[in-house]
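Subject: Structure for your review

Dear colleague,

Please find below the sequence and the structure that I am handing over to you. My findings follow directly after them.

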Amino acid sequence: MTASHDLIVLGAGSGGLATAFRAAQHGARVALLDPGALGGTCVHRGCVPKKALWFAAQWAQAQQFAVDVGFASQPGSLDWERFRQVRTRYIDAIDQRYAQRLHEAGVELIRQAGRFVTADTIELTDGSQLHAARIVIATGARPRTLPLPGFRLGMVSDDVFALQALPHHLAIVGGGYVAVEFAGLLQALGSEVEMLAHDRLLEGFDAEMVDALQELMAAQGIRITMQSAVQTVHRADGGILIDDAVAGSRGPYDALLWAVGRVPNTEALQLGSIGVVTDDCGHVLTDARQDTHVAGVHAVGDVTARKALTPVAVAAGRRLADRLFGGQPDAQLNYENIPSVVFSKPPLGMVGLTEEAARELHGDAVIVYRRRFTPMQWALTGWHGQSLMKLVCVGSDERVLGIHVLGPGADEILQGFAVALKLGLRKRDLDATVAIHPSSAEELVLMD
């Protein structure tokens, strides 16, 4: 069978785009399939619109801070519709730039979905077929839904960006990234927020850091109920009511956000027909080189069970293309020490191991340094709260295994320190670094 392309990529999200661009750069004939908007979840229903809301939340807080220190004005409310228009224009421009770049790179963009017929053949929605020796699955994931009575009375994260107005009283069910981020930013913009979490917040982050964040969230007025077990949801005259097996009846709320995880988009791909193995949740199983159990079929991004972060999908896709078409047989992503930030209020970032994980591996050889302090902008405005920074080290040379930052600027501070950790950072290297003063980042090089 004659190949129509060297590579077919299913999905035009971050991972799919990165794979397609890099493969085309190496001279491959690439077809990119997606019936939806370019950029996928990150650009249209995730990172980008959420970060825009987060900026709006920061500006709302900055207004109050300005008044607190003497500016002669009063904080104003957000014109929600105008903000939606501004955000939409920004996102539309990204979509257009992607389309232009794909054209310039020679990537054939096909606005259809595809499914496997054989390991090297994809059937499009219109019934036509494409053939390639290499196929990459990058179809991403979507918000998880639950078979609970009344589930449809709530919204999922995708729906937040279509809201016509800010909810006055909002319930958020969940305790992960999505729940924590939306709780902080919507509260800052004026919503009264209550979180119902099944277990601890932010599983996978350092427990001490999460506890500190939770205290700051509570101080901002976010009500957090732990060990929640929602059974049913129904609407009454006063709004949405939640029946919780642990917390009892809750509400009424103007709106309800379900933030209970995400599921991979694999059902329509007919993966079982060609032998591609998935886990119980539907994630495509791959090895460290992004290879599935079927020769020539690969997967990147949230459709796999790997860390669900846009930069991870991008890096994995580029390295896969380098290996397949760039003459770099050893290229693959190293999944260790990947930095991550929750855009909470304030943001929480980490790279490397948590204290709990480090002690499981190294026991009493772990040394922990921490620093609590009041950021200058909080102190000036009289806002009570403390940032927390933490170093997790091991051994006599105090090799740094983990860096954790909670507080204003954590998202920007962490990137450079992540590079240092990757290069084998020791505590003495931080001690030998001259601090930038006054700054929050200096606390990481002044710990004792």
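This is a predicted model: local features need pLDDT of at least 70, side-chain atom pairs count only at pLDDT 80 or more; totals for chains, interfaces and linings use all residues.

Is arginine 318 buried, partly exposed or exposed? With a relative accessibility of 39%, arginine 318 is classed as partly exposed.

I turn next to the aromatic rings. A pair of aromatic rings is described by the distance of the centres and the angle of the planes. A search of the whole structure gives 7 aromatic pairs. In one of them, the ring centres of tryptophan 54 and phenylalanine 343 are 5.2 Å apart and the planes stand at 70 degrees, so this pair is edge-to-face. Tryptophan 54 is part of helix 3, whereas phenylalanine 343 sits in the loop between strand 18 and strand 19, so the pair ties together parts that are 289 residues apart in sequence. Tryptophan 54 is buried, at 5% relative accessible area, and phenylalanine 343 is buried as well, at 15%.

Another aromatic pair is formed by tyrosine 177 and phenylalanine 205; this pair is edge-to-face, with 5.8 Å from centre to centre and 70 degrees between the planes. Tyrosine 177 is in helix 6 (residues 177–189), and phenylalanine 205 is in the loop between strand 10 (192–196) and helix 7 (207–219), so the pair links distant parts of the chain, 28 residues apart. Tyrosine 177 is partly exposed, with a relative accessible area of 29%, while phenylalanine 205, at 6%, counts as buried.

Which residues do ring pairs link into a cluster? The cluster consists of Trp54, Phe55, Trp59 and Phe343.

The peptide bond from lysine 345 to proline 346 is cis, and its omega is near 0 degrees. Proline 346 is located in the loop between strand 18 (340–342) and strand 19 (348–352). Histidine 437 and proline 438 are likewise joined by a cis peptide bond, with an omega of about -5 degrees. Proline 438 is placed in the segment after helix 12 (427–431).

Finally, I would point out two residues with a positive phi. Glutamine 290 is not a glycine, yet its phi is positive, at about 70 degrees. This glutamine 290 is found in the loop between strand 16 (262–264) and strand 17 (297–299), and its relative accessible area of 2% means that glutamine 290 is buried. Asparagine 337, which is not a glycine either, has a positive phi of about 55 degrees. Asparagine 337 belongs to the loop between helix 8 and strand 18, and at 26% relative accessibility this residue counts as partly exposed.

With kind regards

Technical notes: Residues are numbered from 1 along each chain as its sequence is written. Side-chain values use heavy atoms; hydrogens and water are left out. Buried means under 20% relative accessible area, exposed over 50%, partly exposed in between (1.4 Å probe, protein chains only). Helices (H or I, at least four residues) and strands (E, at least two) are DSSP runs, numbered from the N terminus. Rings of Phe, Tyr and Trp (its six-membered ring) pair if their centres lie within 6.5 Å; planes under 30 degrees apart count as stacked, over 60 as edge-to-face and the rest as tilted.
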